[in-house]
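Reader: I'm new to this one and would like a walk through it. Could you show me the model, and then let me ask about it bit by bit?

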Amino acid sequence: MKDSIKKSNVRWIVVAVLFFITIINYADRATISLAGPAIAKELNMDSISMGYIFSAFGWSYVVFQLPGGYFLDRFGSKKVYAYSIFFWSLFTLFQGFVGFLTGATAIITLFALRFMVGAAEAPSFPANSRIVAAWFPASERGTASAIFNSAQYAATVFFAPLMGWLIHNFGWHYVFVVMGGLGIAFTLVWNKLIHNPKDHPMINKAEIEYIEQGGGLVDMDQSQKDVCKQEGSNMQCDVDQEKKDVAKQEGPNMHYIKELLRNRMMVGIYVAQYCINAITYFFITWFPVYLVQARGMTILKAGFAASVPAIFGFLGGILGGVISDFLLKKGYSLTVARKVPIVLGMLLSMSMLACNYVDIHWMIIAIMALAFFGKGLGALGWAVNSDTAPKQIAGLSGGLLNTCGNLSSITTPIAIGYIIQSTGSFNGALIYVVVHAFIAIVSYLFVVGEIKRVELK
């Protein structure tokens, strides 16, 4: 690798790959929401049954977070993520064949396949955070995290109209086949473009030094033997290699989870992440159904209408990271730089409550767009995780954050299903979501305190 005075910018290629794979990730999660009304009609399911189908992803996604984080720390981000992409795409594709089954068999099979998608996707966001921690200095981490996190909104922008069109013209089965095949193909792109910082064929020494001097954990997945080859063999390298071998045999220490859960700052972050994700899971599960059932839109129209709030969510997601890093570069503390966009964003997301008092379609979409913009602005949980995760267990720490945050992927779809079934209206569902935004604000303002990296005892 030749040195160069001007540093390369490979880290932005890496985050672009994270952005596109996260678009596919969230599109595969959301397939069930647009296909939901057609599936419910064909399989004769009520709101509660649909709530449980929507939640199937969440059960396994939560259960496999900590094992996923463990595997990331043990085997590295590139390898674990590649398997994750392939298998969640394969299980998504298989859902397209559920239509060949009938009755309870079809419902159980659909639940099982959604469950397997959740299990396969479990390492994805901890891996995203882990890769950003390795590839980016602290001053760029908010923007980088916001880019991959904003993909959840871009997924709706890019794929909701396509999925609505496929369902309208060919049937709901084709949505799963198309999305599953796309994910399997992207596995090849991942293996080609993603490497550890010091192993990437396109990077130069100047960029590595820039990342490292800014706090990037460039050696996170690099073997000690490789480091010694670059720096020259000596006795200390042999000693360090022995320590590395012992650590690899033991794997990440799961007892550190207790230490994280005893940390007030981390608990506040986990509670807020749960609440922020509740807003996300309303949008990627029940929102299209809300537009069809409560507002009388066709599935095709709902597909295009759902993309409008998603565009604003995407813009808010990017802006939140940019504002946070701007404040940091202007000399504000990390705590202020991260909390300001989060609190402002959650306040804006509470505006969705106004939808309970209007009936005009364009006004509903406009209000939801403002709410989704706010949710995007405040979705900096993964940037905060990159700032706070102990460097020894970055994957495990991300897994714990995602475990706590995605408990809402179980509770939100089911709770909203029961609210709709018992009241016959979505009004209570919107109140349920808004309360979560308020709790997230309280958590960051009064529980989290100073944001800083946790030092393990």
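Reader: Let's start with R295: is it buried or exposed?

Author: This is a predicted model, in which local features need pLDDT of at least 70 and side-chain atom pairs count only at pLDDT 80 or more, while totals for chains, interfaces and linings use all residues. Residues are numbered from 1 along each chain as its sequence is written, and side-chain values use heavy atoms, with hydrogens and water left out. Buried means under 20% relative accessible area, exposed over 50%, and partly exposed in between, using a 1.4 Å probe and protein chains only. R295 has 15% relative accessibility, so it counts as buried.

Reader: Which residue does R295 form a salt bridge with?

Author: In general, side chains of opposite charge can pair when their charged atoms come close. A salt bridge here is a side-chain nitrogen of Lys or Arg within 4 Å of a carboxyl oxygen of Asp or Glu. For R295, the closest N and O atoms are 3.2 Å apart, and the partner is D359.

Reader: And how many residues apart in sequence are the parts that R295 and D359 tie together?

Author: Helices (H or I, at least four residues) and strands (E, at least two) are DSSP runs, numbered from the N terminus. R295 is in the loop between α14 and α15 (299-329), and D359 is in the loop between α16 (334-349) and α17 (361-377), so the parts tied together are 64 residues apart.

Reader: Are D325, R338 and D387 buried or exposed?

Author: D325 has a relative accessible area of 3%, so it is buried. R338 comes in at 0%, which means buried too. D387 has 5% relative accessibility, and therefore D387 counts as buried.

Reader: Which residues does T280 touch?

Author: T280 is found in helix α14 (residues 264-294), and at 2% relative accessibility it counts as buried. A contact means heavy atoms within 4.5 Å. Leaving out residues up to four places away in sequence, T280 touches Y26, Q152 and K375.

Reader: Which helix gives the largest share of the nonpolar patch?

Author: The patch covers about 750 Å², and its residues include V267, V271, F438 and F446. Patches are made of residues with over 30% relative accessible area and no salt bridge, where like charges are joined within 9 Å and nonpolar side chains (Val, Leu, Ile, Met, Phe, Trp, Tyr) within 5 Å. Helices α14 and α21 (427-448) each supply at least two residues. The largest share, seven residues, comes from α21.

Reader: What backbone oxygen does the side chain of N204 reach?

Author: N204 sits in the loop between α9 (173-193) and α10 (205-213), and it counts as buried at 7% relative accessibility. At 3.0 Å, its side chain reaches the backbone oxygen of K6.

Reader: Last one: how many helices are there in the protein?

Author: Of the 457 residues of the protein, 59% count as buried. There are zero strands, and the helices number 21.

Key: Accessible areas come from the Shrake-Rupley method with a 1.4 Å probe; for residues, only the protein chains shown count as cover. A polar contact is a pair of N or O atoms within 3.5 Å; within protein, one must be able to donate a hydrogen and the other to accept it, and residues adjacent in sequence count only if both atoms are side-chain atoms.
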